Amino acid sequence: MKNSDEMELPRGCELIHLPNITDDRGMLAFGECSRHIPFDIKRVFWTYNVSDGNSRGNHAHRTCSMVLFPIGGSFSIELDDGVMKTTIQMDRPHIGILIPPGVWCNLFDFTSNAACICLASHPYDPEDYIHDYGEFLKFIEK
């Protein structure tokens, strides 16, 4: 598996590099809407304590965009736009991945201390989720 900086990404996906400030006290990364994050944030959630062998995601969105950051530990993310599929190791807290609508994502291989924060462009709406891969393929053909 290649490092995220070396990968070609599915349609609309892009790496988000946040400013990363380091001094003798430690490290600090920050992001601002419309400057580093390409949308106004309407929802924030995080995933942590994922048990060995479990995965998260396994869906796509109809309208919501998301940016995911590994704020602790690491995990892998598979991105699939129906034409291109790639897997990226997420292990740098100041580098996230933009996932636009119509891209299937699956998060897996979480380390024991992994935490992932998600910044979303829309409030939670269960109708926005596509959980069936066959339905996803029909959605992206439209």
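## Basis of the values

The model is predicted, so local features are given at pLDDT of at least 70 and side-chain atom pairs at pLDDT 80 or more, whereas totals for chains, interfaces and linings use all residues. Residues are numbered from 1 along each chain as its sequence is written, and side-chain values use heavy atoms, with hydrogens and water left out.

## The largest pocket

The largest pocket holds about 200 Å³ of space. Its lining has 14 residues, and F45, T47, R56, G57 and H59 are the closest to the pocket centre. A pocket here is an open set of points on a 1 Å grid over the protein atoms alone, where a 1.4 Å probe fits and protein lies on both sides within 12 Å along at least five of seven lines; a lining residue has an atom within 4 Å of a point. Points are joined across faces, edges and corners, and the volume is the space filled by probe spheres set on them.

Strands β4, β5 (56-61), β6 (66-72), β10 (104-108) and β11 (115-120) each give at least two residues to this lining. The largest share, four residues, comes from β5. Strands are DSSP runs of E with at least two residues, numbered from the N terminus.

## Residues at the pocket centre

T47 is found in strand β4. T47 counts as buried because its relative accessibility is 12%, where buried means under 20% relative accessible area, exposed over 50%, and partly exposed in between (1.4 Å probe, protein chains only). Not counting residues up to four places away in sequence, T47 touches R56, A114, A115 and C116; contact means heavy atoms within 4.5 Å.

G57 lies in strand β5 and is partly exposed, with a relative accessible area of 30%. The C-alpha atom of G57 is 5.9 Å from that of C105, although the two residues are 48 apart along the chain.

## Nonpolar surface patch

I41, V44, W46 and Y48 make a nonpolar surface patch of about 410 Å². Patches are built from residues with over 30% relative accessible area and no salt bridge; nonpolar side chains (Val, Leu, Ile, Met, Phe, Trp, Tyr) are joined within 5 Å, and like charges within 9 Å. Areas come from the Shrake-Rupley method with a 1.4 Å probe, and for residues only the protein chains shown count as cover.

V44 lies in strand β4, which spans residues 43-48. V44 counts as partly exposed because its relative accessibility is 40%.

## Salt bridges

Side chains of opposite charge can pair when their charged atoms come close. The count comes to five salt bridges, each defined by a side-chain nitrogen of Lys or Arg within 4 Å of a carboxyl oxygen of Asp or Glu. One of them joins E32 and R35 at 3.2 Å, N to O. E32 is partly exposed at 35% relative accessible area, whereas R35 is exposed at 58%.

Another salt bridge pairs K85 with D80, with the closest N and O atoms 4.0 Å apart. K85 counts as exposed at 52% relative accessibility, while D80 counts as buried at 2%. R92 forms a salt bridge with D91, where the closest N and O atoms are 3.9 Å apart. R92 is partly exposed at 24% relative accessible area, and D91 is partly exposed at 39%.

S34 is not a glycine, yet has a positive phi of about 70°. S34 lies in the loop between β3 (26-29) and β4, and counts as exposed because its relative accessibility is 61%. N58, also a residue other than glycine, has a positive phi near 55°. The place of N58 is in strand β5, and N58 is partly exposed with a relative accessible area of 31%.

H36 also lies in the loop between β3 and β4. H36 is buried, with a relative accessible area of 14%. Leaving aside neighbours within four places in sequence, H36 is in contact with I16, L18, P19, F30 and G31.
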